[in-house]
Amino acid sequence: MLKFPIYLDYSATTPVDPRVAQKMIPFLTEKFGNPASRSHAFGWEAEAAVEEARADVAALVNADPKEIIWTSGATESNNLAIKGAAHFYSGKGKHIVTLKTEHKAVLDTFRELERQGFEATYLEVKDDGLVDMDQLRQAIRKDTVLVSVMYVNNEIGVIQPIVEIGELCRSKGIVFHVDAAQATGKVVIDLQTLKVDLMSFSAHKTYGPKGIGALYVRRKPRVRLEAQMHGGGHERGLRSGTLATHQIVGMGEAFRIAREEMAAENERIRYLRDKLLKGVSDIEESHVNGDLDHRVPHNLNVSFNFVEGESLIMAIKDVAVSSGSACTSASLEPSYVLRALGRSDELAHSSIRFTIGRFTTEEEIDYTIDLLHRKLTKLRELSPLWEMYKEGVDLNTVQWAAH
Amino acid sequence: MFAPVYFDHNATTPLDPRVLEAMLPYLTQRFGNASSRHEYGRAARRAVDEARQQVAAAVGAHATEVVFCSGGSEANNLFVKGAAASMRPATIAISAIEHPCVREPARQLVREGWRLHEIPVDAEGRLDMAEYAQVLASPAKIVSVMLANNETGVLQYVPALAARARGARAWFHSDAVQALGKIKVDFRALGVHALTLSAHKLNGPQGAAALVIDKRIELRPLIAGGGQERGLRSGTENVAAIVGFGRACELAAAALDANASRLNSMRRTLERGLSNLGARVFGAAAERLPNTTLFSLEGMDGETLVAQLDRAGFAVASGAACSSASPEPSHTLLAMGVATEIARGAVRISLGRGNTGDEVERFLRTFADLVQHLKRMTAMAV
């Protein structure tokens with residue numbers, strides 16, 4: 001039995017896995033202590049749970065638990081990593097580098113640093129969404145102190161060459177930060193081999209609860225940060241504030257499950273995604289956005305030419321999808337990520353992001369493919385542009401009258 | 001099973017089962033991202049909006065004045081640093097007994113050219129009004145004085161302090177984390193520009209808090225990103241915890257008077273018993289929260305008492321939870337002029353909704369035996 005709306009927006013957020021919720025509940029009821037309380041068992045029990053979760057998070061990315069700092073989410077992690085490192089190393093230089101296709105949490109943080117006197121370079125990406133290593137090499141200067149590149153893009157799912165970027169940054173003595181919010185449980189992350197200094201994580205993109213994230217801070221070679229939140233000195237002074245034990249326990253359990261199940265799960269999801277891809281590729285004038293080989297198996301981002309994205313989303317409202325990132329979905333601007341790929345406004349406007357997850361069934365994918373075919377045919381029947389296109393008119397040569 | 005009695009509600013409180021019930025659907029079924037425009041997202045948005053109304057109603061504020069964030073520490077950092085970042089360096093005044101999450105951000109500002117005044121308190125823990133007036137006239141641009149102290153429970157007379165600050169054109173913030181749910185907290189009656197609230201001190205979940213802020217106050221955000229919370233706090237909303245926060249506020253407001261008088265009566269019993277044993281209760285002559293008792297017994301070490309009490313089945317604290325890793329004596333007591341050795345002996349009992357009069361009686365009997373025992377040990381050692 002299908003349940004509507006079908007959720008195909010796992011990159012916006014995921015449900016908490018029932019096993020994760022089970023593990024969280026005792027810490028919402030009888031085990032409610034403040035992990036900073038050192039004078040009684042309520043506190044010790046909470047602290048032990050926090051440390052167990054820290055070990056689980058570290059294990060997924062092959063890091064030392066001491067390198068994991070709890071935060072309220074990936075947005076805070078990105079802010080802490082970027083501002084914290086830029087401020088700490090500002091004596092060495094004030095140039096910072098990122099990509100135009102990063103998440104707002106990185107881009108807005110860069111803008112904030114620009115206001116504070118830093119100089120930022122926002123690199124273009126190639127048509128496939130991947131970083132151009134030559135451009136990156138050229139962008140690096142003597143006073144570059146930080147490079148921030150996301151592991152997996154939230155809109156198009158492409159995987160950036162973190163190994164190469166890490167080698168480059170390390171050879172130049174530049175701090176390298178990676179936003180891995182969309183990567184955990186989807187790609188194998190090995191921080192023992194990757195030359196990454198700082199890495200941001202989120203629980204709620206990997207079947208954990210919202211409101212909790214982490215920042216990996218490398219110890220060898222040691223990376224230093226200026227704290228952004230001050231107070232009781234929690235998290236070795238890097239992030240003050242009472243730890244939300246149940247959320248931390250949830251993140252630990254979510255990452256433990258991811259470690260154990262990701263290999264099999266990603267194969268199942270890849271099968272569903274490929275089926276969806278095959279199902280839409282026989283729709284005329286559909287264009288996949290972003291590289292298909294260097295991509296997480298969960299993501300399919302397609303532009304359906306001659307259809308307005310918002311109308312299409314309304315037409316297929318039995319399926320919960322998005323036209324881009326959830327954080328920018330209030331705006332009607334076309335996706336800046338797709339624009340950076342060189343897509344026209346029209347194609348960027350007609351894009352849909354499908355993201356598949358743990359609870360997606362084959363039946364749901366079949367239904368979605370059928371629905372897309374039906375609704376696209378209908379919408380295009382109503383579209384004068386589609387009619388002109390079918391009549392062979394080159395729309396680029398049409399002189400539109402201004403109103 | 002042996003369940004210890006929890007007397008450390010100023011550190012954190014157990015979640016009310018009705019709050020848990022409100023939260024659970026938002027973990028599993030109604031799990032949407034509040035920024036998504038499909039039905040999953042819209043359901044999450046509605047829940048966040050409803051919680052915003054509940055929190056606002058509990059403190060007599062307007063829903064649009066509530067900015068959700070991850071905790072009281074973040075809310076205090078947001079106000080202190082955010083307000084400072086929106087103006088030229090000037091003077092910031094805080095009380096000498098603020099929580100570290102106000103004091104430390106204020107100290108950070110000194111590096112950016114701000115002058116910091118830490119206004120002293122008297123022997124009962126009340127702000128020195130003469131010095132306050134002087135600092136305001138200096139002039140101070142930002143003032144932060146907590147409504148209720150986390151260690152002693154002593155209340156500051158915030159309406160008068162805030163009125164004076166307004167007269168001096170300073171922005172006045174109060175950390176009301178410990179006060180919410182224990183005494184009436186009214187944003188308008190207090191007359192403050194900003195107020196910090198936290199869910200986990202009033203039987204709500206850890207991980208949700210709010211800065212209630214007058215919209216005329218300009219703040220620069222601490223966390224940049226997707227522009228949530230009117231751009232003042234980016235990051236995907238922690239829907240389940242926010243829903244829990246809203247429900248906890250609603251429940252606490254409804255039971256406020258009954259709860260306060262129950263706590264007060266239990267605490268009277270407790271303090272009478274402690275006085276009979278020769279204990280000194282700090283801030284006893286000042287107006288205090290109805291649930292908090294900070295005391296010491298001459299010649300007794302606080303850490304020892306707390307450890308013994310834990311063994312005897314009573315969870316109490318020797319100071320604030322966040323600094324309980326450090327062996328430093330309470331900075332609140334030192335600011336009150338209490339000698340270091342006596343401050344080291346301090347024990348905090350903070351009662352909560354779940355406690356009973358019977359637990360207080362049992363505690364007093366246990367504590368009397370314990371003190372007898374420790375005194376005998378000390379006598380033998382001498």
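Chain B contains 13 helices and 12 strands, where helices (H or I, at least four residues) and strands (E, at least two) are DSSP runs numbered from the N terminus. This is a predicted model, in which local features need pLDDT of at least 70 and side-chain atom pairs count only at pLDDT 80 or more, whereas totals for chains, interfaces and linings use all residues. Residues are numbered from 1 along each chain as its sequence is written, and chains are lettered from A and ligands numbered from 1 in the order in which they are written.

Along its principal axes the C-alpha trace of chain B spans about 70 × 55 × 35 Å. Of the 382 residues of chain B, 59% count as buried, that is, with 20 or more other C-beta atoms, placed from the backbone, within 10 Å of their own.

Turning to the interface, 58 residues of chain B are in contact with 55 residues of chain A, a contact being two C-beta atoms, placed from the backbone, within 7 Å. Helices H2 (39-58), H3 (72-85), H4 (100-111), H8 (239-254) and H10 (302-311) of chain B each supply at least two residues of the side that touches chain A, and H4(B) gives the most, with 5 residues. By class, this side of chain B has 26 nonpolar, 25 polar and 7 charged residues; Ala, Val, Leu, Ile, Met, Phe, Trp, Tyr, Cys and Pro count as nonpolar, Asp, Glu, Lys and Arg as charged, and the others, Gly among them, as polar.

Two helix pairs, one in each chain, are set out below, with axes taken as lines fitted to C-alpha atoms over the stretch in contact and angles running from 0 to 180 degrees between N-to-C directions.

| Helix pair | Angle | Axis separation |
|---|---|---|
| H2(B) and H8(B) | about 30 degrees | 8 Å |
| H2(A) and H7(A) | about 30 degrees | 8 Å |

The angle in chain B makes H2(B) roughly parallel to H8(B), a term for angles under 35 degrees. H2(B) passes H8(B) in a left-handed crossing, meaning that the near helix is turned anticlockwise from the far one by less than a right angle. Residues of H2(B) including Ala44(B), Ala47(B) and Val48(B) meet residues of H8(B) including Val239(B), Ile242(B) and Val243(B), and the residues of this contact divide into 13 nonpolar, 2 polar and 3 charged.

In chain A, H2(A) passes H7(A) in a left-handed crossing. Among the residues that meet there are Ala46(A), Ala49(A) and Val50(A) in H2(A) and Thr245(A), Ile248(A) and Val249(A) in H7(A), and the contact has 12 nonpolar, 2 polar and 4 charged residues.

Methods:
Buried ≥ 20, exposed ≤ 12 C-beta atoms within 10 Å, placed from the backbone. Parallel < 35°, antiparallel > 145°, perpendicular 65-115°, else oblique.
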